[in-house]
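Here is a friendly walk through one protein model. Have the viewer open and follow along as we go from the whole chain to single residues.

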Amino acid sequence: MSAAHRGAPHRVAVLALDRVIAFELAIPSRIFESAKAPDGSPLYQVDTCTLDGGPVATSSDFRISVDHGPELLERADTVVIPAATGITDAWATGGPPPGTAAALARVRPGTRLVSICTGAFVLAAAGLLDGRPATTHWRHTEQFAALFPQVRLDPDVLFTDDGDVLTSGGVAAGVDLCLHLVRRDHGSAVANAVARTCIVPPWREGGQKQYVEPPRPVTGTAGPGTAAVRAWALEHLDEPLALRELAARAGTSVRTFTRRFREETGSSPGQWLTLQRTERARQLLERTDLTIDQVARESGFGTAASLRLQLRGRLDVAPSAYRRTFREVEGPRPA
C-alpha cells in the first residue's frame with residue numbers, strides 16, 4: 001500500500017539533469033498531480049531537484065530554477081529521471097554527468113525508480129538495471145545495448161515494469177508509464193480520470209515498433225547489384241514475387257542473387273519483401289480509405305488475416321488500431 005492510501009501523498013522526486021528535455025520533465029508533475037482522492041485531496045506530491053540545487057539548462061532556449069538539491073532524493077517514495085540531451089552525448093566523453101552517482105546514492109533502499117526515455121542510461125550506468133528488463137527511446141537502443149549488455153533491453157515496448165524499477169520508451173511513452181503507475185497505485189478509475197483530465201488515452205495499444213522510422217527508399221538502380229530488381233519489386237509488391245523470378249531479372253542464379261542481396265541489404269529477399277510490404281501497408285492505412293482487405297491485397301499480403309498477422313508480429317498492433325493512431329486527417333480549411 002502506498003503512502004497515499006494512508007493519508008499522506010506519495011512523494012515523487014524528479015531529478016532534472018543538465019539539458020533536460022522540458023516535455024519529459026513536465027510529464028510526472030502533470031500526470032501525478034492530476035490524480036485526486038475521492039475527497040479531492042492530492043494523491044501525489046511532486047517536487048523537482050537538480051544535482052546541486054542550482055539552475056540547469058534545458059534542451060531548449062531557457063533554463064529552469066528549482067527549490068531542491070539532491071537531498072530531496074532521500075525523502076522520496078518514487079524517483080523519476082527524465083530524458084536529457086546530454087545523457088547520450090556524455091557517453092562520447094566517458095560517462096554520465098558528474099555527481100549523478102553521488103545523487104543516486106542518496107536514494108533510500110526500496111524507493112521506486114523510474115526513467116523516462118534516455119533517463120534509462122542513468123539508471124543503467126549506476127548498475128540499477130543489471131539483470132532487469134528495461135527500455136529507452138528506439139533511436140538509442142543500439143547504443144544502450146552496446147553500453148549495457150547486462151541489462152535485459154526490450155526495444156519494442158512502451159514501458160517496462162519490474163516492480164520497484166520502471167523504464168519508458170521515448171517522449172510520450174513517459175505519459176503511458178506514469179498513467180500505468182497511477183493505475184497500479186490507485187486503480188483504473190483514478191488513472192482513467194487522470195487521462196481524461198490530460199486528454200490522453202488511458203492505455204495505448206502496441207509498442208514502439210509502430211513509431212520507428214520506415215526504411216529508406218531504394219536509391220541507385222544502375223550496376224551489377226540488386227538495386228534495379230529491388231526498385232522493380234517495389235512497383236509490384238501486390239504481385240507474387242518468387243525468388244527465382246527476381247534472380248532471373250538480375251540475370252544471375254538464385255544462389256548468386258541471394259548472396260548479393262544479403263550483402264547489399266543485410267537481409268534475405270524474403271525478409272526484405274515482407275518489410276517493404278509492411279511499409280506499403282502502413283502507408284495505405286495512413287493515407288487512404290481502402291478497407292483492410294484492400295490494403296492487404298495492394299500491399300501483397302493477400303488477405304486481411306495475413307496482414308493482421310504481420311502487423312501484430314512486427315508492430316505489436318492490429319491494422320485498425322494502427323489506422324486510428326496514424327490516419328492522416330485533413331485539417332480545417334481556411335475561410
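## The chain as a whole

Please keep in mind from the start that this is a predicted model. The protein chain has 14 helices and ten strands. Of its 335 residues, 47% count as buried. The chain exposes about 16500 Å², and carbon and sulfur atoms supply 52% of that area.

## The six-stranded sheet

Let us turn to the sheet. Six strands make up an open sheet with mixed pairing, and their order is β2-β1-β5-β6-β10-β9. Which strands stand at the edges? They are β2 and β9 (159-161); each has a single partner strand, so one side of each lacks a neighbour in the sheet. On average, and with direction ignored, neighbouring strands of this sheet are turned by 15° against each other.

At one end of the order, β1 and β2 pair in the parallel sense over six bridges. The chain gets from β1 to β2 by way of α1, and this β-α-β crossover is right-handed.

## Around strand β10

Strand β10 (residues 165-168) pairs in the parallel sense with strand β6 (residues 112-115) over three bridges. Val 114 stands opposite Leu 166 in β10, while Ser 115 has Thr 167 as its bridge partner. With β9, the arrangement is antiparallel, and three bridges join β9 to β10. There, Thr 160 stands opposite Thr 167.

Are the faces of β10 covered or open? Both are covered: Val 165 and Thr 167 are buried on one side, and Leu 166 and Ser 168 are buried on the other.

## Helices across the sheet

Helix α1 lies across β1, β2 and β5 and runs at about 160° to β2. Helix α6 lies across β2, β6, β9 and β10, and its angle to β10 is about 145°.

Which residues of α1 (residues 22-32) are buried? They are Glu 24, Leu 25, Ile 27, Pro 28, Ile 31 and Phe 32. Seen down the axis of α1, these buried residues fall within an arc of 155°, so they line one face of the helix.

## Loop residues to check

Cys 117 sits in the loop between β6 and α4 (120-125). Its phi is near 60°, a positive value in a residue other than glycine. Is Cys 117 buried or exposed? Its relative accessible area is 5%, and the cut-off for buried is under 20%, so Cys 117 is buried.

Thr 136 is in the loop between β7 (133-134) and α5 (141-147). Thr 136 counts as buried because its relative accessibility is 0%. How are Thr 136 and Cys 117 placed? They are 19 residues apart along the chain, and their C-alpha atoms are separated by 4.9 Å.

For a contrast in accessibility, turn to Ile 199, in the loop between α7 and α8 (227-234). Ile 199 has a positive phi of about 55°, although it is not a glycine. Ile 199 counts as exposed because its relative accessibility is 75%, where the cut-off for exposed is over 50%.

Definitions and conventions. Residues numbered from 1 in each chain as written. Predicted model: local features only at pLDDT ≥ 70, side-chain atom pairs only at ≥ 80, totals over all residues. Heavy atoms only, no water. Buried < 20%, exposed > 50% of the residue type's maximum accessible area, 1.4 Å probe, protein only. Helix = DSSP H or I, 4+ residues; strand = E, 2+ residues; numbered from the N terminus. Arc of directions from axis to C-beta. Areas by Shrake-Rupley, 256 points an atom, 1.4 Å probe, with all protein chains shown as cover. Pairing = 2+ DSSP bridges. Right-handed = clockwise from strand over helix to strand, strands pointing away. Axes fitted to C-alpha atoms, helices over the stretch in contact; angles between N-to-C directions. Contact = heavy atoms within 4.5 Å.
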